[in-house]
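Biologist: I'd like to learn how to read a model like this one. Could you walk me through it?

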Amino acid sequence: MMLLKKEDLPKVDYQGMNIVHERELEIVNRLYAALKEGVGGEELERLLDAFIEDVVNHFSYEEDLMRKSRFFAYECHAGEHKRVLEELNELRNRWQETGNREELLNYLENTFKPWIVEHVLTMDTVTAQWLSRVMAGVFF
Ligand SMILES: [Fe+2]
Ligand SMILES: [Fe+2]
């Protein structure tokens, strides 16, 4: 059972970002499958933490590239990352209080999945175009 297939996520013009996105899909799919299969307790907590940690790394990787390349819409893109991380932290806190698996499933299916597809298509796509031009020396 997969939340998102590789083909569901658009490719961007900067290969490092595609690699990071693919790894994130693997990690979120592992969490999703565990939820669907009824895995619980520490194992589930470990998978949830691994997912959130991967999102943190994914975002900071992009933010680092944006700063180094002086990306023009840094504030906008990084602000969106910050908003999602806050959402994930709230989700994790609520899950620790309630242990409600349906809420996690619901979040992954109806919030995270459409969000990441949209985000890759918009902010990540524009950022990757910028990075590939900077790397090609167009601006230096
Ligand atoms: Fe991304
Ligand atoms: Fe991003």
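Biologist: In what order do the elements of the protein chain run from the N terminus on?

Modeller: They run α-α-α-α, with four helices and zero strands in the protein chain. Helices (H or I, at least four residues) and strands (E, at least two) are DSSP runs, numbered from the N terminus. Before we go on, this is a predicted model, where local features need pLDDT of at least 70, side-chain atom pairs count only at pLDDT 80 or more, and totals for chains, interfaces and linings use all residues. Residues are numbered from 1 along each chain as its sequence is written, while chains are lettered from A and ligands numbered from 1 in the order in which they are written.

Biologist: How do α2 and α3 pack?

Modeller: Axes are lines fitted to C-alpha atoms, for helices over the stretch in contact, and angles run from 0 to 180 degrees between N-to-C directions. Here α2 (residues 41-68) and α3 (residues 74-98) make an angle of about 170°, and their axes are 11 Å apart. The pair is therefore roughly antiparallel, a label for angles over 145 degrees.

Biologist: Which residues of α2 and α3 meet?

Modeller: Contact requires C-beta atoms, placed from the backbone, within 7 Å. On the α2 side the residues include Leu48, Ile52, Val55 and Phe59, and on the α3 side they include Leu85, Leu88 and Trp95. By class, this contact has 11 nonpolar, two polar and three charged residues (Ala, Val, Leu, Ile, Met, Phe, Trp, Tyr, Cys and Pro are nonpolar; Asp, Glu, Lys and Arg are charged; the others, Gly among them, are polar).

Biologist: Which residues of α2 are buried?

Modeller: Buried means 20 or more other C-beta atoms within 10 Å of a residue's own, exposed means 12 or fewer, and partly exposed lies in between, with C-beta atoms placed from the backbone. In α2, the buried residues are Phe51, Glu62 and Met66. Their cover includes α1 (15-37), α3 and α4 (101-135). Across the protein chain, buried residues make up 16% of the 140 residues.

Biologist: What box do the C-alpha atoms of the protein chain fill?

Modeller: Taken along the principal axes, the box is roughly 50 × 25 × 20 Å.

Methods:
Parallel < 35°, antiparallel > 145°, perpendicular 65-115°, else oblique. Contact = placed C-beta atoms within 7 Å.
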